[in-house]
Amino acid sequence: MSFLRRNPSVPVFLGLLLVFTLTVTLMSEAYGGGLSTSFVKTLGKTLCLALVAVAMDLVWGYTGILSLGHFAFFGLGGYMIGMWLMYARTEAIVVSSMANAEIPATPQEITDAVGAQIFGVVGSSDFPAIWLFADSLAMQLVLVVAVPGLLALVFGWLAFRSRVTGVYLSILTQAMTLALSLYLFQNNSGLRGNNGLSGLQNLPGADAIPQSVMSVWFLWTSALALGLGYLLAAFVVSGKFGSVLRGIRDNEARVRFLGYPVERYKLFIFTLTAVMAGIAGALYYPQAGIINPAEIAPIASIYLAVWVAIGGRGRLYGAVIGAGFVSLVSTWFTGGRAPDIDLGFYTIKWVDWWTVLLGLSFVCVTIFAPKGIGGLVDLALSRRAPDRHGADLGPDLGSLREKEAEE
Amino acid sequence: MTGALLEVSGVSVSFDGFRAINNLSFNIGPAELRAVIGPNGAGKTTFMDIVTGKTRPDEGRVLWGEKSISLLRMDEAAIARAGIGRKFQRPTVFEDQTVRDNLLMALKKDRGPLAVLFQRRNAADEARVEELAGQIGLVSELSRKSGELSHGQKQWLEIGMLLAQDPRLLLVDEPAAGMTPEEREHTTSLLVEAARTRAVVVVEHDMEFVRRLNCKVTVLHEGAVLAEGSLDHVTANQEVIEVYLGR
């Protein structure tokens, strides 16, 4: 296939992903290996984070839209699947506990009991309207795609049509994220306020399957989603569509004068990546087990941008490397496994100092190695950055900088 | 006026009280080469901004084509698709992309996102790109990143992108700026050649370059047309000499 030949990174990436997934599977507890179930879950979650990072790279690295809202779409995807998981699981428990009653429960009684179970913590027992489809897996799966997609479509249409760009657009997306998370924090938002949705690791009707096996299933599903997402992203950025996207990133006005409807391209890529983020979230949260509004807070979306920057924006594998590397290192540092450093007068505890280290490395990467970790691939292939006497590749704020470019 | 491709009439625009364009009227036919000259601040670039949709005039009409469609309600992209191509004063090409990709992007094809997503390279497009590269003398540079080209080559690439768009009207802002004499020669012939089949408006400072174009000249001053006619005719005009040539 000429597509794969033109994009050699795609088969390499897919091959490595397959090897990785196989290795983890064989080393997992379920197959008698030494990797703990929780670590397999961490790796599965990391694959989901890599998928949302690929989406972020499409929208920021390729199109120059620094969105600080993609983790909101990620969270929304998680909430949508979480609603079904929680409903179906609670229903199963309620039905089995009511089965012993002398009078068989009516469907209404069951629904009421499920409602009381789920919403008891926020002092309510009625299902809000948004739970209308919660009993249907098919409908909630549609919503995983539709809710983030529609939100991105409406938000993007309003923002891009008014030609809001650069920092202003970033602030606008961040405001959207903050508003959404503050709304979800309210008890009457219909999604259990700051309690969030929990118990998501227990798949309804799959009680017999041990978590160790389940973790491997989710690992494979996440790897499949990442592989397909990567293929899709590579297809989108190869060829003319990718040319137009990079044109918009470097010099939006010029693209417009060529006759391309820039707003529609931005809307397309913004919505597509929101859907990708939603799917990633829907796979992430069943592995995490719990979702709450704090997950959607703007800081998460900022982290997303940091991952892509550290991995190297404008190259899809850079996003994957960044998300994988940073989130795994972060797990290590914050998991208490990193040894403290005793300076005599002060002990550096990494749990507290990790964010400082992350911030520092972000600053250093941006200043000294704008290509990020992905730049190591260029070193290996001896690709060089052009000498442009300090000139960036376009007048727009999001344009590639001199050191990010390839000769 | 019948037969005009572009008809600008009674257009005015002011920025913060400064009247950049003052009751300007301008017509050009379907296959005509026209040079627009004028001192700095005469409104040459603003005129182009209005025609290409970058600036909205306060009053006046801008009509396009046989059906006399108003361009004032269209955005930049729609105007470009209607057949108006623009070359900027400073060469603006997509520096991170190869010369080939730049030309492919400019080729006249469906511009909608969904259509473009499934447009893949084909032999016809490649051949057209090769042909254009031949015209602008960049065949050997096709696979190079356009950011590496010399200033003059970038100017040509941009002219090539304009030709690839196959517009009915080309608006060219100072095409010869920063070019060597030989490069100017080449640029002149490209523009004269293009004007055989389409309308070309060249904004230029350099009188020598305008003389070589050998076409009708419109002199702008303070946002309005001061004189129009052959170069010899306008350079003989006393007003023109006072505001522009005499300085």
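Which helices do the buried residues of H3(B) pack against? They pack against helix H9 (239-250) of chain A, together with helix H5 (123-135) and helix H6 (151-165) of chain B. A bit of housekeeping: this is a predicted model, where local features need pLDDT of at least 70, side-chain atom pairs count only at pLDDT 80 or more, and totals for chains, interfaces and linings use all residues. Residues are numbered from 1 along each chain as its sequence is written, while chains are lettered from A and ligands numbered from 1 in the order in which they are written.

Back to H3(B). Eight of its eight residues are buried, so this helix is largely enclosed by the rest of the structure. Among them are B:Val99, B:Arg100 and B:Asp101. Buried here means 20 or more other C-beta atoms within 10 Å of the residue's own, with C-beta atoms placed from the backbone. Helices are DSSP runs (H or I, at least four residues), numbered from the N terminus.

Now zoom out to the two chains: 25 residues of chain B are in contact with 28 residues of chain A (contact: C-beta atoms, placed from the backbone, within 7 Å). On the chain B side, helices H2 (76-82), H3 (99-106) and H4 (113-117) each supply at least two residues. That side divides into nine nonpolar, six polar and ten charged residues. Nonpolar covers Ala, Val, Leu, Ile, Met, Phe, Trp, Tyr, Cys and Pro; charged covers Asp, Glu, Lys and Arg; the others, Gly among them, are polar.

Over in chain A, A:Ser330, A:Phe333 and A:Thr334 in H13(A) meet A:Trp350, A:Val351 and A:Trp354 in H14(A). The residues of this contact divide into four nonpolar, two polar and no charged.

Methods:
Buried ≥ 20, exposed ≤ 12 C-beta atoms within 10 Å, placed from the backbone.
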